[in-house]
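Biologist: Before we go into any detail, could you walk me through how to read the overall features of a model and then one residue in it?

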Amino acid sequence: MSESGKPLNFLEHLIEEDLRNGFKKELLRFRFPPEPNGYLHIGHASSICLNFGLGLRYGAPVNLRFDDTNPTKEEQEYVDAIKLDVEWLGYSWAKECYASDYFQQLYDWAEDLIRAGKAYVDSQKSEDIAKQKGTPTEAGVASPYRDRSVAENLELFRKMKAGEFPEGAHVLRARIDMASPNMLMRDPVMYRILHRSHHRTNTEWCIYPLYDWTHGESDYIEQVSHSLCTLEFAPHRELYDWFLDQVVEFDKVRPKQREFARRNLSHTVVSKRKLLQLVQQGFVKGWDDPRMPTISGLRRRGCTPEALRNFAQTIGIAKRDNVVDVALLDFHMREHLNRVAPRVMAVLDPIRLVITNYEEAKVEWLEAENNPEDPQAGSREIPFSRELYIERDDFREEANRKFFRLRLGGEVRLKNAYIIKAEEVRKDAGGNILEIHCTYDPKSKSGSGTEESLRKVKGTLHWVSAPHAIEAEVRLYDRLFSDPTPDSHKDRDFLEFINPESLTLVRAKVEPGLATAQPGDRFQFQRMGYFCLDPDSTPGNLVFNRTATLRDTWAKLEQNEE
RNA sequence: UGGCCCAUGGUGUAAUUGGCAACACUACUGAUUUUGGUUCAGUCAUUCUAGGUUCGAGUCCUAGUGGGCCAACCA
């Protein structure tokens, strides 16, 4: 059953087993159930890829269901953002569902539970109910209201619904077992009174169901066959099943909850609360700041949906605690971008280079390959002239043999252009290099086929023609936290590990063709990395975000020698 | 001092359900290269511990150790 020999994760094994035991493949159905109270992050991406991936594998529908039972935290803004993120990842849901669509059905079932003596209205304060819950090692005690009559319960519950009580006056509780070793089974609250406007039902309801009562029943209503959630819900499964027991009919699919470990990413935090904190306290500029592990942040940074999907596929799904190295995400971004990103030349830290034997006002338009990995990508023409910019790091007055770049008296190839030789440097009074003066070999033009053009020189540099270059703002992003697991330290706050150099702004010189780039366009700045045009860009002020650097074995070499 | 879950290289996941521990990333070698990129080749493990069952255990059993989760009118 496993197509293409791909190994199955434990959930796929479970489904295969269900299928072998006679569960009909046509009845498979999944869902992705976000709460619209924040932006989706890379952990959600994993869950999306899991559920929609299962849908694709088995040809089963996957619903997008908003778990919108808490009007105090949920907003339409988040619904819209979530839909955009799921679509951007490349998935289509079968139905767009809302738990709030089921409020009436849930209410009717709740009345049934009351009639069956399986739910009661408790009129105590929240703190008292909490106290009576007991502890993991001690049984709870029964509420004084636990044995109210059905008639009284029904009457109170209806009045709750009718808005006759203030918030906190009563709750509806399931009547299960105050001594259960599972605290969730100690008469969990099903409904609370909330005089709040809901983003979809407005003020129609003033009682709202809680997660446990809502989620499984929503799965059942939608006939979801496998309801997958993260590990912290494992203890909820017993309650999920208990609630289901109260409503299932024999000819319907009974949803099955199974749990997997959330994916943790190194050098970041993946918790809505902490991400919110980063936004609210101004450590980042918003939910879609390119340093954020949110889907919107990754998108803005220039990550592709393919890269994210491949990443999710590679890290897989299991039950053990994990910290996925962010280097793996970088790998997948590079891996995809290498295939699709057009090459372009941009100098991030420019220094002027003058070719003294090149004619003063001459301009040559040289052919440059757009992507050596993709012949279909074609080529473009770039201007070459007497004055250029090269990367400051690419020149040294003196250097050892390992330095393949330009040094005084040394030769280097200018990418797509000529071989040049550094003759002298001009400095200011303070000894800072102002200009590098070079000569070029006119016969060494790239692609000309001459003997001189075929000469092997060790280094190749990127460059831009000074009179033609356009300026651009480039935002160099680095990991947000310097510690691999910032939120795992017992006595230290994760904010202490913020990397002060997570963003560096730079004024770069880029080749003129970039003037027409559109926000979202992705490029490889040759020898520098992958970059994406930011929505902050205006026609006169290009802004690029660094998506990922290129692998840099030279930087490693240098570092190891220090 | 209750219940539940988990344990395989530095990291993440596999192992045809009891049959030579595999894949990817990282790191390190080397080759190729007009991107110090890409590509290619190679190196890196007593499967947490101790017993047991078995011809044979990463897989099954027992005990231990370590980690995680559970006491919101959040999801």
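**Surface and overall form**

Modeller: The accessible surface of chain A comes to about 26100 Å², and 48% of that area belongs to carbon and sulfur atoms. Please keep in mind that this is a predicted model.

Biologist: How does the radius of gyration of chain A relate to that of a compact globule of 562 residues?

Modeller: The general idea is to set the value over C-alpha atoms beside a rule based on the number of residues. A compact globule of 562 residues would be near 24 Å, whereas chain A has 31 Å, and its C-alpha atoms fill a box of roughly 100 × 55 × 45 Å along the principal axes.

Biologist: What share of the residues of chain A counts as buried?

Modeller: Buried means under 20% relative accessible area, and 52% of the 562 residues of chain A fall in that class. Chain A contains 13 helices and 27 strands, and among its contacts with a separation of 6 or more, 70% join residues 24 or more positions apart.

Biologist: How many side chains of chain A are positive and how many negative?

Modeller: There are 79 positive and 90 negative side chains in chain A, with the centres of the two sets 2 Å apart.

Conventions:
Residues are numbered from 1 along each chain as its sequence is written. Chains are lettered from A and ligands numbered from 1 in the order in which they are written. This is a predicted model: local features need pLDDT of at least 70, side-chain atom pairs count only at pLDDT 80 or more; totals for chains, interfaces and linings use all residues. Side-chain values use heavy atoms; hydrogens and water are left out. Helices (H or I, at least four residues) and strands (E, at least two) are DSSP runs, numbered from the N terminus. The radius of gyration is taken over C-alpha atoms; the globule rule is 2.2 Å times the number of residues to the power 0.38. Buried means under 20% relative accessible area, exposed over 50%, partly exposed in between (1.4 Å probe, protein chains only). Contact means heavy atoms within 4.5 Å. Accessible areas come from the Shrake-Rupley method with a 1.4 Å probe; for residues, only the protein chains shown count as cover. Lys and Arg count as positive and Asp and Glu as negative; His and the chain ends are not counted. The place of a charge is taken as NZ of Lys, CZ of Arg, CG of Asp or CD of Glu.
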